[in-house]
Amino acid sequence: MSISANKGRSRQSLARRVADDIENGWYVNLGIGLPELVAGHIGTDKSVILHSENGLLGMGGPAASEALDWDLINAGKKPVTLLPGGCYFDHVSSFTMMRGGHLDLCILGGFQVSAQGDLANWWTGDPDELPAVGGAMDLVAGARKVFVIMDHVARDGRPKLVSQCTYPLTGASVVDRVYTDLAVIDITPQGMVVQEMVDSLDLKMLQEVTQAPLRAAPDLKLVACSGEDRKNSP
């Protein structure tokens, strides 16, 4: 089944939804790509300490065009800001934080997530692509919680939520929750449980673009996307 692009959340709307679930006082690592957008949606009512793998603690949102400092970048090499009290340091210190259990949460992108919470996000096995795991394996092993933010299906239409990952694993049984443009899904011992879903779909339609079996939460929430929230919005 093909689901048109305008049925799902936009990238900014999806990042804002993930930011809503970050708790006050958490230390949070943001991965490269879509997770980077989350930094711009953390409300001022929360005290959240953002960590970047390349050696930042207390990272703020994206830098304004008139205040770019290319010596102050996130893991995706994009200019960012540093909040009062923030600091930067070497990779040894950064990876010690990541591996030592000092992060409450890491937010990563994904190629595949399995029903057991396995994550594949560093290589598809394509011989024309260079494997690039970075610090993802360290993050999923060290963080207390792992959220994955990604499109529900790949560009070729194949499901990214699968029964078993076919790509090389980043970590086994590490994902707690998945946020896609179509749904918010918890990984539980009983499999994938849909907590939220865009109201343009029903569970049967969502299952048709998901390889892994889905169950609806007892309090499944249907979310309406406004025009500016939809995926094909400017």
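Biologist: Which residues is Val162 in contact with, leaving aside its neighbours within four places in sequence?

Modeller: In this predicted model, Val162 is in contact with Gln112, Val113, Ser114, Ala115, Met192, Gln211 and Ala212, leaving aside neighbours within four places in sequence. Contact here requires heavy atoms within 4.5 Å. Val162 itself lies in strand β9, residues 161-162. Val162 and Thr210 are 48 residues apart in sequence, yet their C-alpha atoms are 6.7 Å apart in space.

Biologist: Why is Val162 called buried?

Modeller: The relative accessibility of Val162 is 3%. Buried means under 20%, so Val162 counts as buried.

Biologist: What makes Arg17 a buried residue, and where does Arg17 lie?

Modeller: Arg17 lies in helix α1, which spans residues 11-20. Its relative accessible area is 11%; because the limit for buried is under 20%, Arg17 is buried. Leaving aside neighbours within four places in sequence, Arg17 is in contact with Arg9, Arg177, Tyr179, Val184 and Glu196.

Biologist: Which other residues of α1 are buried, and what covers them?

Modeller: Besides Arg17, the buried residues of α1 are Ser13, Leu14, Ala15, Val18 and Ala19. The cover over the buried residues of this helix includes strands β5 (105-108), β8 (145-150), β10 (177-180), β11 (183-188) and β12 (191-198).

Biologist: How many residues are in the largest nonpolar core, and which of them touch the most other members?

Modeller: That core has 32 residues, of which Val113, Leu119, Val175, Met192 and Leu206 touch the most other members. Two or more residues come from each of α2 (91-99), β5, α3 (136-142), β8, β11 and β12. Strand β12 gives the most, with four residues. As for Leu119, its contacts beyond four places in sequence include Leu108, Val113, Val140, Val148, Leu169 and Val175. A second, separate core of 24 residues includes Leu14, Met59, Leu105 and Tyr179.

Biologist: How do you know that Cys106 is in no disulfide?

Modeller: The search of the whole structure finds zero disulfides. For Cys106, the nearest cysteine sulfur is that of Cys165, 15 Å away. A disulfide requires sulfur atoms within 2.5 Å, so Cys106 is in no disulfide. Cys165 is likewise in no disulfide, its nearest cysteine sulfur being that of Cys106.

Biologist: Are these two cysteines buried or exposed?

Modeller: Cys106 has 0% relative accessibility and counts as buried. Cys165, with a relative accessible area of 17%, is buried because that value is under 20%.

Biologist: Why is the pair of Trp122 and Trp123 called tilted?

Modeller: The search finds three aromatic pairs. In the pair of Trp122 and Trp123, the ring centres are 6.1 Å apart and the planes are at 35°. Centres within 6.5 Å make a pair, and planes under 30 degrees apart would be stacked, over 60 edge-to-face; the pair is therefore tilted. Trp123 has 22% relative accessibility and counts as partly exposed, because that category lies between 20% and 50%.

Biologist: What makes the phi of Lys77 worth noting, and why is Lys77 called exposed?

Modeller: Lys77 has a positive phi of about 65° although it is not a glycine. Lys77 lies in the loop between β3 (56-62) and β4 (80-88). Its relative accessible area is 60%; exposed means over 50%, so Lys77 is exposed.

Biologist: Where is Ser173 found, and why does Ser173 count as exposed?

Modeller: Ser173 is found in the loop between β9 and β10. Its relative accessibility is 53%, which is over 50%, so Ser173 counts as exposed. The phi of Ser173 is near 55°, a positive value in a residue other than glycine.

Methods: Residues are numbered from 1 along each chain as its sequence is written. This is a predicted model: local features need pLDDT of at least 70, side-chain atom pairs count only at pLDDT 80 or more; totals for chains, interfaces and linings use all residues. Side-chain values use heavy atoms; hydrogens and water are left out. Buried means under 20% relative accessible area, exposed over 50%, partly exposed in between (1.4 Å probe, protein chains only). Rings of Phe, Tyr and Trp (its six-membered ring) pair if their centres lie within 6.5 Å; planes under 30 degrees apart count as stacked, over 60 as edge-to-face and the rest as tilted. A nonpolar core is a set of buried Ala, Val, Leu, Ile, Met, Phe, Trp, Tyr and Cys residues joined through side-chain atoms within 4.5 Å.
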